[in-house]
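Hello,

Here is the protein I promised to pass on to you. Please open it next to this email, and then read on for what turned up in it.

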Amino acid sequence: MSLKIFHTADLHLGMTFGNRSYPEEVRRQLVEARYETLERLVELANEAQCRIFLIAGDLFHRAQMPREIIARVARTLSRFQGDCIAVLPGNHDYCDGYGSLWNEMRELAPDALLLLTDTVPYPLHDYGIDAVIYPAPCHRKHSRENRLGWIGELAEKPAAGWQLGVAHGTVRGISPDLEGEYFPMDENELAGLRLHHWFLGHTHVRYPDLEQVQGAPFCFSGTPEPDGFDCRHGGSAWITTLEEGGGVHCRAISTGKFRFMEIARELRDAAGLDELQEELRQAGKQALVKLRLSGFLPEKAYNSRRRRLDELRSSLLYLEDDDSALAVELSAELIEDRFPSGSFPQRLLSRLAQKNDPAALQLAYRLIDEVKR
Ligand SMILES: [Mn+2]
């Protein structure tokens, strides 16, 4: 019989989004979305009839969490209809034997919960599943050494149809880790441990970045809910099917609520502004946007830009805009209007305006404007 596993990681529940000046209501929604996403993940796992719900680290953002939050998460997980909920401590919610997080989780969680806190094999036969999990749990925030070593030292692996690895950390050459301080692993090392598949967490972008993948030795799930402007995807998870013949098939599903977008747009006319406004209106209340405008607009459109941006702001969840590189388009009338007839700027700008080279005209105007200030 094949075995279906829902693979996620890096929910970072309890992330506060305090590092940016979001309005309080936006911040509240971003914090809350991560809990909603966990609920959605459980539903998606149920729909797909997964037997294991697997979290490869950083379910929580910190190693200490308020009890009511742990209880809330336990309640959400209890809605999983499969057989086993396997949770690995990551480098944010690490397990060092002192903190109370995982003890409280054990106390409050449903029977199906299996905490992968130790470096030992976890046979799943008690859950009715013919598999063994080999975890690499994090015991602190940073480590230059990964926690795979014990697996290679095992005299013998417990017998089971499926031998599965779960780890949290970086893979060299794939995940960013300049200092090598996030439990770095090697592709060869993972392959050398001869398990059927590795379920990894830590890197917030899924790997491989494909909709479907057959026979991958390891996969990063990525975060299921985008968490900032450096996150360019919509959030995803894997449904991994271990086929009877030994094949491993992973299918990506999209899971996120909010979307962070960085947009740099060069405008040349009023239509460009209309287009942008329409595009962002469609992104709607689920979008957080960082917008940089450059180029120039005819005077009327230019003067309406602040109002237009404010309209946009109310149609999005959040807008951070920068229009300092946007200028007013210079017309003959405007030049006459701003500079005394016969003055050097008036003569220069008028001549450039006649040459029909708007970019040169804008540049000259900006330089003159800077000298004037
Ligand atoms: Mn992590």
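Predicted model: local features only at pLDDT ≥ 70, side-chain atom pairs only at ≥ 80, totals over all residues.

To get from E2 to E3 the chain passes through helix H2 (residues 67-77), making a right-handed β-α-β crossover.

E3 also pairs with strand E4 (residues 113-115), in the parallel sense and over three bridges. Here Val 87 has Leu 115 as its bridge partner in E4. Helix H3 (residues 101-108) carries the chain across from E3 to E4, and this β-α-β crossover is right-handed.

Which way do the residues of strand E3 (residues 84-87) point? Cys 84 and Ala 86 point one way, Ile 85 and Val 87 point the other way, and all are buried.

**The nonpolar cores**

Some of these residues come back in the largest nonpolar core, which has 66 residues. Among those with the most contacts inside this core are Phe 6, Ile 52, Leu 54 and Ala 86. Strand E6 (residues 131-136) gives this core its largest share, five residues. Another core lies apart from it, with 15 residues, including Leu 30, Ala 33, Val 289 and Leu 293.

Leaving out residues up to four places away in sequence, Ile 52 touches Ile 5, Phe 6, Gly 82, Asp 83, Cys 84, Ala 86 and Ile 129.

Next, find the open sheet of five strands with the order E5-E6-E7-E8-E10 and mixed pairing. Its edge strands are strand E5 (122-123) and strand E10 (218-220), each of which pairs on one side only. Strand E8 (residues 197-201) runs parallel to E10, and three bridges join them. Leu 200 has Phe 220 as its bridge partner in E10.

**Some backbone details**

Here is a bit of background for this part: most residues other than glycine have a negative phi, and most peptide bonds are trans. Which two residues does a cis peptide bond join? They are Tyr 207 and Pro 208, with omega at about -5°. Pro 208 sits in the loop between E8 and strand E9 (212-214).

Phe 183 has a positive phi, near 50°, and is found in the loop between strand E7 (162-168) and helix H5 (187-192). Is Phe 183 buried or exposed? Phe 183 counts as buried because it has 26 C-beta neighbours inside 10 Å, and the cut-off for buried is 20 or more.

Arg 194 has a positive phi too, near 55°, and lies in the loop between H5 and E8. With 11 other C-beta atoms within 10 Å, Arg 194 is exposed.

Met 185 lies in the loop between E7 and H5 and is buried, with 25 other C-beta atoms within 10 Å. Setting aside neighbours within four places in sequence, Met 185 is in contact with residues including Asn 146, Leu 148, Ala 167 and Leu 190. For a sense of distance, Met 185 and Glu 278 are 93 residues apart in sequence and 45 Å apart in space, C-alpha to C-alpha.

**The two domains**

Now zoom out. The protein is divided into domain 1 (3-254) and domain 2 (259-372), and 46 Å separate their centres, taken over C-alpha atoms. Eight residues from domain 1 and six residues from domain 2 make up the contact. On the side of domain 1 that touches domain 2, there are five nonpolar, three polar and no charged residues.

Asp 321 counts as partly exposed because it has 18 C-beta neighbours inside 10 Å. Not counting residues up to four places away in sequence, Asp 321 touches Leu 291 and Leu 309. Asp 321 and Ile 263 are 58 residues apart in sequence, and their C-alpha atoms are 9.6 Å apart in space.

Methods
Residues numbered from 1 in each chain as written. Domains from an automatic or database assignment. Contact = placed C-beta atoms within 7 Å. Nonpolar A, V, L, I, M, F, W, Y, C, P; charged D, E, K, R; others polar. Core = buried A, V, L, I, M, F, W, Y, C linked by C-beta atoms within 7 Å. Buried ≥ 20, exposed ≤ 12 C-beta atoms within 10 Å, placed from the backbone. Helix = DSSP H or I, 4+ residues; strand = E, 2+ residues; numbered from the N terminus. Right-handed = clockwise from strand over helix to strand, strands pointing away. Pairing = 2+ DSSP bridges.
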